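Here is a quick briefing for anyone opening this structure for the first time. Take a look at the sequence and the model, then read on.

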Amino acid sequence: MKKTIIVMPVANEEATMGAVLDRILELPYDNLYIYVVMDSYSKDRTREIVEEYAGKTDRVKLVFYKESYGVISCYLEGFRHALKDGAEQIIEMDGGGSHLPEEIPQFVEKLEAGYDCVWGSRFVDGGGISNHPLYRRILSSGGTVLANLVLGTKLKDMTSGFEAFQRHVLENMNLDKFLSTGHMYQTEMRYYCRKYHTVEVPIHYTGSESSLRFRVVAEALRILFELKRNEKEVGKN
């Protein structure tokens, strides 16, 4: 197995952080590393828990991003650290329990099979969503339909945050030029990678209650149409 680094931004996850790390470390890979990215938004013991694990194994590393402006900036900073540290494959996942560590092997399998990008999908056969309000499901599925229509993409899920990349995909991106600082980032990433050899794999997403903010939806729509209008390319492929 090639050197693979999981980039996992977290905040205020002390109740589940240890269990998530344990479940990943129990997977049968000795070349799989976890980069937990944090900023000052986290106020509980999450950082201390991650530091305890990092002190026990070199497969866990804390990346504290002082200049963070939100979770997306933490993802991108994690990518920079992973590339700098020689990752040949990078997996992006949520550290709050929304994504199942037990589903990581299918991402590794597809990367090892030669795919450039592997997209976790809730809407392909075998995928699913639990504990998620109906309106959030509608936003996710409707957002995928709209994104495919506007951008010309053909994926079943354009808004999932469980995904994996070969090194060269992220190397060929200008990580400083992403338009989105919020949920639209996932769609933007899939758009930039549309010319690569990609595949979707089923994931089971565990959601949570959250409020619907018009500002977030409006920002997503703005970015969606800006991508199409400008045919902006962060990727150089």
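Setting aside residues up to four places away in sequence, Thr-206 touches Gly-97, Ser-98, Ser-130 and Asn-131, where contact means heavy atoms within 4.5 Å. Keep in mind that this is a predicted model: local features need pLDDT of at least 70 and side-chain atom pairs count only at pLDDT 80 or more, while totals for chains, interfaces and linings use all residues. Residues are numbered from 1 along each chain as its sequence is written, and side-chain values use heavy atoms, with hydrogens and water left out.

**Two residues and their contacts**

- Thr-206 is found in strand E9 (residues 204–206); helices (H or I, at least four residues) and strands (E, at least two) are DSSP runs, numbered from the N terminus.
- Thr-206 is partly exposed, with a relative accessible area of 30%; buried means under 20%, exposed over 50%, and partly exposed in between (1.4 Å probe, protein chains only).
- Thr-206 and Gly-97 are 109 residues apart along the chain, and their C-alpha atoms are separated by 7.1 Å.
- His-81 has its place in helix H3 (residues 71–84) and is buried, with a relative accessible area of 17%.
- Leaving out residues up to four places away in sequence, His-81 touches Tyr-35, Lys-61 and Val-63.

- How many of the six residues of E1 are buried? Six of six, so this strand is mostly covered.
- Thr-4, Ile-6 and Met-8 point one way from E1, while Ile-5, Val-7 and Pro-9 point the other way, and all are buried.
- E1 pairs with E2 in the parallel sense over six bridges; two strands pair if DSSP finds at least two bridges between them.
- Pro-9 has Val-37 in E2 as its bridge partner.
- To get from E1 to E2 the chain crosses through H1, and this β-α-β crossover is right-handed (with the strands pointing away from the viewer, the path from the first strand over the helix to the second runs clockwise).
- E1 is also joined to strand E4 (residues 89–92) by four bridges, and these two run parallel.
- Ile-6 stands opposite Ile-91 in E4.

**From E2 to E3**

- E2 and strand E3 (residues 60–64) run parallel, joined by five bridges.
- Val-37 stands opposite Val-63 in E3.

- In helix H1 (residues 17–25), the buried residues are Met-17, Gly-18, Val-20, Leu-21 and Ile-24.
- They sit on the same side of H1 because they cover an arc of only 165° around the axis; the arc is that of the directions from the helix axis to the C-beta atoms.
- These buried residues of H1 pack against strand E1 (4–9), strand E2 (32–38), helix H2 (46–56) and helix H4 (104–112).
- The buried residues of H2 are Thr-46, Ile-49, Val-50 and Tyr-53.
- Seen down the axis of H2, they fall within an arc of 95°, so they line one face of the helix.
- H1, E2 and E3 are among what covers the buried residues of H2.

**Aromatic rings**

- The structure holds seven aromatic pairs; rings of Phe, Tyr and Trp (its six-membered ring) pair if their centres lie within 6.5 Å, and planes under 30 degrees apart count as stacked, over 60 as edge-to-face and the rest as tilted.
- One of the pairs is Phe-178 with Tyr-185, which is tilted because the ring centres are 5.5 Å apart and the planes are at 50°.
- Phe-178 also forms an edge-to-face pair with Tyr-192, at 5.3 Å centre to centre and 80° between the planes.
- Phe-178 lies in the loop between helix H6 (167–171) and helix H7 (185–192) and Tyr-192 in H7, so this pair ties together parts that are 14 residues apart in sequence.
- Phe-178 is buried at 11% relative accessible area, Tyr-185 is buried at 0%, and Tyr-192 is buried at 0%.
- Tyr-75, Phe-178, Tyr-185, Tyr-191 and Tyr-192 form one aromatic cluster.

**Charges over rings**

- Lys-3 lies over the face of Tyr-33, at 5.2 Å from the ring centre; a charge sits over a ring if NZ of Lys or CZ of Arg is within 6 Å of the ring centre and within 35 degrees of the ring normal.
- Arg-47 lies over the face of Phe-64, at 4.5 Å from the ring centre.
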